[in-house]
Amino acid sequence: MRILKQDPWECLISFICSSVSNIKRISKNIEDLCVNLGDTIYLGSYSRQSFPKPEDIVYAGPELLRELKLGFRCEYIYQSAKMIKSGIVDLDNLYSLSYDESLKTLVSFPGVGDKVANCVLLFGFNKLDAFPVDVWINRAITKNYLEGKKLSPLQIRDWSRNHFGNYAGYANHYIFHGIRLQD
């Protein structure tokens, strides 16, 4: 198994789209963003649309995002694009920041909580100590490591980062994969 290394901007928007959604809908949302707002790129006779830049989303406005059926996420995506375009946040800066500073920056984006921010840190910024906690990870950690002791998602994240150390993200990936194999 490998940890995907995504473009941070694309990763941020993809995980904002993932909130209260499923893989089929997330894929459609991302594809619709690309088709409607991305630049055409070519490989021989094959063409696709790239992921839109923040300025493309700002220019399109929230109305188009609503037409693309992004639901409550459209305002989060639009406001996030504005934050990037205006320079309020420079995503490239996060590479040089600590985990805690990067996390604080990411949760400043609308619609981005701890789980989404940790996903973006892990898959977009290669911060291998990030540990996203969803319902499945929470259950697996509680059952397999904490002998049923109930902790909040933030406590699970902190416990896991401490327990698994600098490669907590890999542990997270393997634990999640194990859960998926059980279904």
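Me: By class, how many residues in the lining of the largest pocket are nonpolar, polar and charged?
Reply: This is a predicted model, where local features need pLDDT of at least 70 and side-chain atom pairs pLDDT 80 or more, while totals for chains, interfaces and linings use all residues. Residues are numbered from 1 along each chain as its sequence is written, and side-chain values use heavy atoms, without hydrogens and water. A pocket is an open set of points on a 1 Å grid over the protein atoms alone where a 1.4 Å probe fits, with protein on both sides within 12 Å along at least five of seven lines, and lining residues have an atom within 4 Å of a point. With Ala, Val, Leu, Ile, Met, Phe, Trp, Tyr, Cys and Pro as nonpolar, Asp, Glu, Lys and Arg as charged and the others, Gly among them, as polar, the lining holds 14 nonpolar, 9 polar and 5 charged residues.

Me: Which element gives the largest share of that lining?
Reply: Helices here are DSSP runs (H or I, at least four residues), numbered from the N terminus. Helix 1 (8-17), helix 2 (23-37), helix 6 (114-125), helix 7 (135-144) and helix 9 (168-182) each give two or more residues to the largest pocket. The largest share, 5 residues, belongs to helix 9.

Me: And which helix gives the most to the lining of the second largest pocket?
Reply: W136, R139, A140, K143, N144, I175, G178, I179 and Q182 line this pocket. With 5 residues, the one that gives the most is helix 7.

Me: Is C34 buried or exposed?
Reply: C34 is in no disulfide either, with the nearest cysteine sulfur, that of C17, 9.9 Å away. Buried means under 20% relative accessible area and exposed over 50%, with partly exposed in between (1.4 Å probe, protein chains only). Since its relative accessibility is 8%, C34 counts as buried.

Terms used. Disulfide = S-S within 2.5 Å.
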